[in-house]
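Visitor: I'd like to learn how to read the features of this model. Could you walk me through them?

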Amino acid sequence: MAKYIVRRVLQFIPVFLGVTIIMFLLQNVVPGDPIKLIAGDKAMSPEAELAIKADHGLVVTDENGKPVLDEKTGEPIPTPLIQQYFNYLNGLVHGDLGTSYKRNLPVTEILLQKYPYTVRLALVGIVIEAIIGIGAGIISAIKRYSFWDTLVTLSTSILVAMPAFWLGMLLQLFFGVLCKNWTNGAFYLPISFNANGEFQDWVYYILPAFTLASVSTAYTSRIMRSQLLEVMNADYIRTARAKGLSRKAVIWRHALKNALIPVVTYIGIDFGVMLSGAILTETVFNWPGVGNEIYLAISQRDWPIVMGGVTIIVIVVMIINLLVDISYAFLDPRIRLGASSNKN
Amino acid sequence: MSTNMNRRTFVQGSLAASVLATLAGCGKKQDAAQSTSGGAGTAASGAFRYYISSPDCIDPYNVNEDQGTQVTYNLFDSLTDFDYEAGKIIGKAAESWEPSDGGKKFTFHLVKGAKFHNGDPVNSEAFKRAWTRVVSPTYGKENAGVLDYHLGMVKGYADVLAGKTEDFVGLTCPDENTFVVELSMAYPDFPYVAAHPCLGPVPKAAVDDPKAFYKAPIGNGPFMMDGEWVDGQYINVKRFDDYYGTPASIGAIQFNIQKDVETAYREFQAGNYDKSEVPAPQTNEAISQYGQSTDGFTGTPGHQFLTGEEASVYYLNMTVTDETLKDPDVRRAISLAINRQAICDNLFQGLRKPADDILPPSIPGYEKGAWQYSHYDKEAAIKLLDAKYPADANGKRNLSIQLSFNPEGGHKEIMEMVQSDLEAVGFTVTSDTREWSAILDDYRKGNTQAGRLGWTADYPIADNFLYSLFKSDSGDNCSKYNNAEVDKALEAARSTIDDKERIAAMTAVSKMVGDDCPIAPIMYYSHREITSDKVASFNFDAGRHPHLDTAKMA
């Protein structure tokens with residue numbers, strides 16, 4: 001087991017480098033000079049521009065942090081991309097993700113402030129996904145071809161087909177505008193902060209969390225249904241029935257347990273995705289999480305925030321995936337990990 | 001449950017534990033239920049709740065956008081202030097000043113006994129420290145700023161900016177309360193420059209611990225920080241009781257950070273804000289529901305929607321080096337062809353006013369009719385063009401213009417109206433829409449043919465518009481206008497000592513530029529601010545300075 005984990009952790013390295021290098025190159029390809037944007041509509045002096053570039057490591061500097069000028073041309077020397085990337089990695093190892101271009105605040109600080117909101121939204125989302133998804137899947141499997149089965153199949157098809165941001169806008173329109181009086185404005189976003197910047201009410205979580213979980217809830221119920229149906233045809237289920245157990249007991253005690261394995265895997269991986277900040281959902285609902293922050297940062301070309309946000313997402317997704325894989329081994333003893341897989 | 005559940009129980013248990021750990025690590029604060037009943041925290045109870053969008057900076061050295069500036073205005077007092085109502089410059093941290101040496105030297109006499117929020121005295125050194133901090137790339141701050149240009153005419157500027165020295169030779173402090181500024185050229189308007197919020201004084205603490213100061217600046221203004229700036233959430237300030245001027249009537253302000261004005265306005269309607277902005281589509285609704293402010297700048301109950309004209313102008317930029325646009329008659333015709341009133345009426349419910357000059361009427365030097373081509377006259381435009389570019393049977397001329405602009409923020413609608421106006425007089429118009437970040441550099445370099453820009457006064461003087469936008473070597477001269485005569489007249493006008501003569505000279509320059517039409521002024525911006533009925537009075541002047549120190553709650 002330990003060997004397996006070590007191997008998986010080592011696999012993180014190429015994945016991590018791959019994703020961050022792509023991100024890093026992309027930000028240098030996108031048109032628009034982020035430094036020029038800092039001053040807004042007004043032009044800044046070339047000296048100020050140079051000082052800002054030096055601050056963010058975009059030009060070569062001496063040990064005092066002063067920009068080094070090219071001996072021949074007298075122009076500042078841009079830091080080579082590869083050097084910038086190594087600086088980023090070096091900072092990362094020291095827990096430093098750089099400083100925001102626009103706000104001059106440390107990126108780690110900005111992201112740590114936003115992350116709790118993304119985590120809380122993901123938790124509510126995952127609970128919705130687990131309860132509704134698994135519940136609907138079980139019902140449609142047990143009562144196959146019934147009205148309920150058709151309803152679940154139909155509604156999941158609709159949810160899968162509908163982009164999350166569109167669903168979010170429809171929900172806002174319905175609960176926030178059309179049913180405003182009936183709901184007494186409870187669901188009606190925007191989110192209110194009280195004086196200490198906290199949410200005023202848990203009901204504000206419902207619509208964004210449902211939007212966030214919508215597509216994966218549909219998938220969860222689909223997977224649940226097909227798995228349960230498959231398991232119900234297995235030999236050991238027939239044996240259990242033959243030895244006189246009731247249908248109910250067979251389903252709850254024997255079938256469900258095994259049918260749940262892929263579902264749990266799916267939900268686990270999905271949790272990782274949710275934790276990485278749903279950019280669309282958070283933007284539609286003006287949710288103060290990482291996704292929204294990254295969206296804003298992209299529009300302002302605030303690359304350190306984008307880079308830092310993506311870094312955290314990659315790490316979180318990799319860790320969650322690892323946990324899911326480990327849990328797999330516990331859930332299904334037939335899956336042999338690490339050394340034992342060599343026997344095959 | 002069956003006995004062989006232990007594996008799953010284990011996994012569930014450890015997952016739950018890790019989730020709890022995550023939450024704990026993220027610093028889960030109050031419970032939702034608690035925060036509902038608890039309401040506002042003690043510090044901010046009864047606070048004036050003021051909407052701003054996410055500020056870039058509230059530390060004076062880098063207040064380069066108007067949201068952070070609204071906070072900074074309340075924390076810091078500069079030497080002077082411009083009173084828009086009276087139309088004159090008044091003393092703030094300086095009780096008086098006098099120019100000498102033909103407008104090249106200014107001696108400011110500071111108010112005696114004034115204190116910073118931490119008790120330090122506000123002396124001349126505090127100003128020297130602050131101003132050096134604005135210009136120097138490294139002195140007393142963690143990150144470089146972009147506002148050095150405000151002090152460009154002060155002696156020693158270049159050396160400080162280049163990082164060669166941290167001693168700003170043009171600034172001297174003969175005694176505690178006397179601050180002397182020496183300029184490298186005559187600039188009688190300097191007291192207006194000194195009113196800029198980035199030029200407020202800073203205590204020694206700013207230089208000793210710039211990191212802490214950045215998030216909780218210590219100033220000399222009527223309000224002081226109550227805790228730190230919490231990024232993306234709020235900034236709390238409270239009344240400074242040792243303020244040298246008249247103490248504020250409101251005890252505390254909470255600057256509430258929201259991502260957009262739509263959200264803020266809904267919060268306002270729900271009764272959560274005392275001051276917000278109104279999104280354009282809700283203009284009429286806001287007028288009928290809350291009533292328009294009588295003077296446009298002061299909100300009182302029943303007259304809560306402030307729609308006064310700001311000292312900023314929206315214009316069509318034309319690159320004069322372009323093959324088509326180098327002919328002044330083409331530029332004049334473009335300016336005449338734009339139906340400004342229709343844009344203001346259709347897109348801004350008449351709240352914005354058509355611009356007939358690059359200078360807004362609140363700026364001394366504005367003169368009605370100074371820009372003779374800055375009004376709508378389709379016939380005159382056609383007449384101008386007919387001479388050189390005859391129209392074919394379809395009314396088309398051999399003239400094509402590409403409008404480059406960023407479509408977001410309502411610019412697309414404005415540019416579409418401009419496009420149809422130009423087509424109506426025979427131009428072939430194409431549009432090139434890109435994101436602001438991608439287009440800004442091309443504007444600056446003159447790589448676009450025509451595009452949209454806006455200009456907001458740094459200080460309410462004509463020089464700030466004319467010199468910045470039309471001096472041939474100015475970084476903000478996006479039309480690449482280069483007229484040696486205008487350059488010379490600008491230099492002469494800005495160094496004229498006598499106020500009346502200077503203003504008259506500026507008007508004359510403005511007329512010269514207006515005849516050449518390197519840009520076509522389209523409209524003046526107007527306020528879209530709104531106050532709640534709990535606010536007895538609140539003044540928000542044409543320079544977007546919120547006078548919260550004189551605001552009163554009902």
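**Strands, sheets and cores**

Guide: Let's begin in chain B, where strand β18 (residues 450–456) and β14(B) run antiparallel, joined by seven bridges. Two strands count as paired if DSSP finds at least two bridges between them, and the strands are DSSP runs (E, at least two residues; helices are H or I, at least four), numbered from the N terminus. One residue pair to look up is B:Asn317, whose bridge partner in β18(B) is B:Gly451.

Visitor: Before we go on, what should I know about the model and its numbering?

Guide: This is a predicted model: local features need pLDDT of at least 70 and side-chain atom pairs count only at pLDDT 80 or more, while totals for chains, interfaces and linings use all residues. Residues are numbered from 1 along each chain as its sequence is written, with chains lettered from A and ligands numbered from 1 in the order in which they are written.

Visitor: What is the strand order in the sheet that holds β14 of chain B?

Guide: Strands of a sheet pair through backbone hydrogen bonds, either parallel or antiparallel. Here six strands form an open sheet in chain B, in the order β15-β19-β14-β18-β16-β17, with mixed pairing. At the edges are β15 and β17 (428–433) of chain B, each pairing on one side only.

Visitor: How many bridges join β14 of chain B to β19(B)?

Guide: Six bridges join β14 (residues 309–318) of chain B to β19(B), and the two run antiparallel. Look for B:Tyr315, which has B:Pro521 as its bridge partner in β19(B). Strand β15 (residues 353–354) of chain B also pairs with β19(B), in the antiparallel sense over two bridges, and B:Lys353 stands opposite B:Tyr524 there.

Visitor: Is β19 of chain B buried or exposed?

Guide: A residue is buried if 20 or more other C-beta atoms lie within 10 Å of its own, exposed if 12 or fewer, and partly exposed in between, with C-beta atoms placed from the backbone. In β19 (residues 519–526) of chain B, eight of the eight residues are buried, so this strand is largely enclosed by the rest of the structure. Just after α9(A), A:Gly244 takes a positive phi of about 105°.

Visitor: Why does B:Val313 count as buried?

Guide: B:Val313 counts as buried because it has 24 C-beta neighbours inside 10 Å. You'll find B:Val313 in strand β14 of chain B. Two residues are in contact if their C-beta atoms lie within 7 Å. Leaving aside neighbours within four places in sequence, the contacts of B:Val313 include B:Trp455, B:Pro521 and B:Tyr524. Also, the C-alpha atoms of B:Val313 and B:Asp357 are separated by 8.9 Å, though these residues are 44 apart along the chain.

Visitor: What is the largest nonpolar core made of?

Guide: A nonpolar core is a set of buried Ala, Val, Leu, Ile, Met, Phe, Trp, Tyr and Cys residues joined through C-beta atoms within 7 Å. The largest one has 223 residues, and those with the most contacts inside it include B:Trp131, B:Val134 and B:Ala520. Helix α5 (residues 107–142) of chain A gives the most to this core, with 13 residues. At least three residues come from each of domain 1 (19–253) and domain 2 (310–457 + 519–525) of chain B; domain bounds come from an automatic or database domain assignment. The C-alpha centres of these two domains of chain B lie 37 Å apart.

Visitor: Where is the positive phi in the hairpin of β2(B) and β3(B)?

Guide: B:Gly87, in the turn, has a positive phi of about 70°, and four residues lie between the two strands. Four bridges join β2 (residues 80–83) to β3 (residues 88–91) of chain B, running antiparallel. B:Phe82 has B:Ile89 as its bridge partner in β3(B).

Visitor: Which strands make up the open sheet of three?

Guide: The order is β12-β21-β22 in chain B, with antiparallel pairing. β12 (298–299) and β22 (546–553) of chain B stand at the edges with a single partner strand each, so one side of each is left without a neighbour in the sheet.
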